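Trainee: I have a model open and would like to learn how to read it. Where do we start?

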Amino acid sequence: MIVILSFMFLYTTLSGNQFLNSFICVPNSDIIASACTEIEQIDNNLLVIQSIKKNENHRELSINKITKDGIILLRKKLEFQGKQFFTRGVIVHNDRIFFLYGTNLNNYIEMFLMSLDYDFNVIKNKKIIEFDAEFMHGSLYLNNNKIYFSGGYEKFSNKHQYLFINVYDAELNEIESFQSDEDKMLSSICIMDNFIYAGKYKFYSDLCVLTKYDMRFNVVFEYNLSSLHNQINKIQTDGDDVVVLTVGAYGDPYLCRFDDELNLLNETSFGGPLTDNQFKYCSFNKYFITCGKYNSQIYPSFHAGNANVTVLDSDFNVLNTLIYDDNVEIQSLFYDLTITENGRIFLVGSYNNCAWLFESDLEGNYNPVTPIEENIAEDIKFYNYPNPFNPVTNICFYLESNSNVDLSIYNLKGEKITSIYNGFLDKGDQTFSWKPLGDLSSGVYFSVLEINGGKRITKMIYNK
């Protein structure tokens, strides 16, 4: 079982036309819904953002650092009483994490930009915008050490839509800003050769435009995609071109390639026979990988459907379309993905209203992350003393029954430092000593205790 917050993930193998091996979670009784919404790579690990809803008045946001083998190293929670909240992006850059989130109370929206270090200490949490609105769209983009917050909102009072781009330095000081009342919103931007490429759309309409701005926000070129497209979900550069992922007017997603003057070079629809929506994509060598959902027509909710991943070549020919589960009784989707230098794909999303983390490769071979359980019975004690320590610490735990045990030490990068014990132990109190050897530096380490397949983690501070 892999647990992100309070969710237990069970490994299952699907058969027939179901391609994925994955984790299915069983929620605790005090949880209504949960989803992982963003993922980035950090310090050779994964940074995963998760939201949970315990009841109508209590929601939580969790920032997690997880190894690629599924060990949760760090977690930070934000709690919201009486407010809805939403996430809009995360960036990892120069030993900092920049995280964009917002709250909504009675159609009054406040947006916050938070910076943290890699130990999840908050450096600054700044309110950057507020307005009366029914909904908003926003995203983060990094260029030349500047953070671009772009988006739009529809005012509750006049139903008019506004778009904006705000630019911040690493200390979250606002450098410049741009706002337009042209009754559109921004969905995504990218920057190439000192020009901003922005996707604009009008909510509840088929208006969809790709715009090229100079760095002073003057329009240089525009291309109207409205005949076949509803919204641009992601813009990314590819050599001298710009590649755009859109939601089609009839449901199917599109990948479109433009040159720097916004001449359309390639436009390909790759949806299935039913409505398909792809939220994000990334590129790797000659491949494009998208993630989202399909079968959406069957469901009444925008976020409903069956999770899927599509792999395309550089000409946008579909190589693989991989579906999590085509059971219309169970709703699932992927919100975000990241790919490592060696082609490992990590995806986050929701399955049956539960958060999940998943791994794949470009050929569709799905390898589950090493299981981990945090919800071992409370009477299994696991701690170390002294803590902080130098030169030695004692690692203690209690076994309710005779068990197979593995006790190992990991560093902050998720790398295994040493194995303390691996074998069979009798029921009762257990104590092992650990004295760091050689040139091991001061800092945070984790002792990981595996008991009959379940795992516990405790944080240790070594002061050399």
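Mentor: We will go from the overall fold to single residues. Keep in mind that this is a predicted model.

Trainee: How many helices and strands does the chain have?

Mentor: The count is 0 helices and 36 strands.

Trainee: What share of the residues counts as buried?

Mentor: Of 464 residues, 56% are buried. The accessible surface of the chain is about 19,400 Å². Carbon and sulfur atoms hold 44% of that surface.

Trainee: How much of the contact count comes from residues 24 or more positions apart?

Mentor: Take the contacts with a separation of 6 or more; residues 24 or more positions apart make up 47% of them. One pair shows how sequence and space can part ways. Cys 36 and Ala 355 are 319 residues apart in sequence, yet their C-alpha atoms lie 5.2 Å apart.

Trainee: Where is Cys 36, and is it buried or exposed?

Mentor: Cys 36 is in strand 4, residues 33–42. Cys 36 counts as buried because its relative accessibility is 0%, and the cut-off for buried is under 20%.

Trainee: Which residue does Glu 60 pair with?

Mentor: Glu 60 pairs with Lys 77, at 3.9 Å from N to O. Glu 60 sits in strand 6 (residues 58–66) and Lys 77 in strand 7 (residues 72–81), so the bridge ties together parts 17 residues apart in sequence. Glu 60 is buried, at 2% relative accessible area. Lys 77 is partly exposed, at 44%.

Trainee: What does Arg 96 pair with?

Mentor: Arg 96 meets Glu 171 in a salt bridge of 3.6 Å, N to O. This pair links distant parts of the chain, 75 residues apart. Arg 96 is in strand 9 (residues 96–105). Glu 171 is in the loop between strand 13 (161–168) and strand 14 (174–180). Glu 171 is partly exposed, at 38% relative accessibility.

Trainee: Which residues does the network with Glu 182 join?

Mentor: Start with one bridge. Glu 182 and Lys 184 pair, with their closest N and O atoms 3.0 Å apart. Through salt bridges that share partners, Glu 182, Lys 184, Lys 200 and Glu 222 form one network. Glu 182 is partly exposed, at 28% relative accessible area. Lys 184 is buried, at 15%.

Trainee: Leu 262 is next on my list. Where is it found?

Mentor: Leu 262 is also in the loop between strand 21 and strand 22. Leu 262 is buried, at 3% relative accessibility. Now read its backbone. Phi of Leu 262 is near 65°, a positive value in a residue other than glycine.

Trainee: What is phi of Phe 120?

Mentor: Phi of Phe 120 is positive, near 65°, and Phe 120 is not a glycine either. Phe 120 lies in the loop between strand 10 (108–116) and strand 11 (122–143). Phe 120 is buried, with a relative accessible area of 4%.

Trainee: How do I read omega? Which peptide bond at Pro 386 is cis?

Mentor: The bond from Tyr 385 to Pro 386 is cis, with omega near -10°. Asn 390 and Pro 391 are joined by a cis bond as well, with omega about 5°. Pro 386 lies in the loop between strand 30 (382–385) and strand 31 (393–399). Pro 391 is in the loop between strand 30 and strand 31.

Trainee: Last one. What is Phe 432 in contact with, leaving aside its neighbours within four places in sequence?

Mentor: The contacts of Phe 432 include Thr 393, Ile 395, Phe 397 and Leu 407. Phe 432 and Thr 393 are 39 residues apart in sequence and 8.5 Å apart from C-alpha to C-alpha. Phe 432 lies in strand 34, residues 428–434. At 16% relative accessibility, Phe 432 counts as buried.

Definitions and conventions: Residues numbered from 1 in each chain as written. Predicted model: local features only at pLDDT ≥ 70, side-chain atom pairs only at ≥ 80, totals over all residues. Heavy atoms only, no water. Helix = DSSP H or I, 4+ residues; strand = E, 2+ residues; numbered from the N terminus. Buried < 20%, exposed > 50% of the residue type's maximum accessible area, 1.4 Å probe, protein only. Contact = heavy atoms within 4.5 Å. Areas by Shrake-Rupley, 256 points an atom, 1.4 Å probe, with all protein chains shown as cover. Salt bridge = Lys/Arg side-chain N within 4 Å of Asp/Glu carboxyl O.
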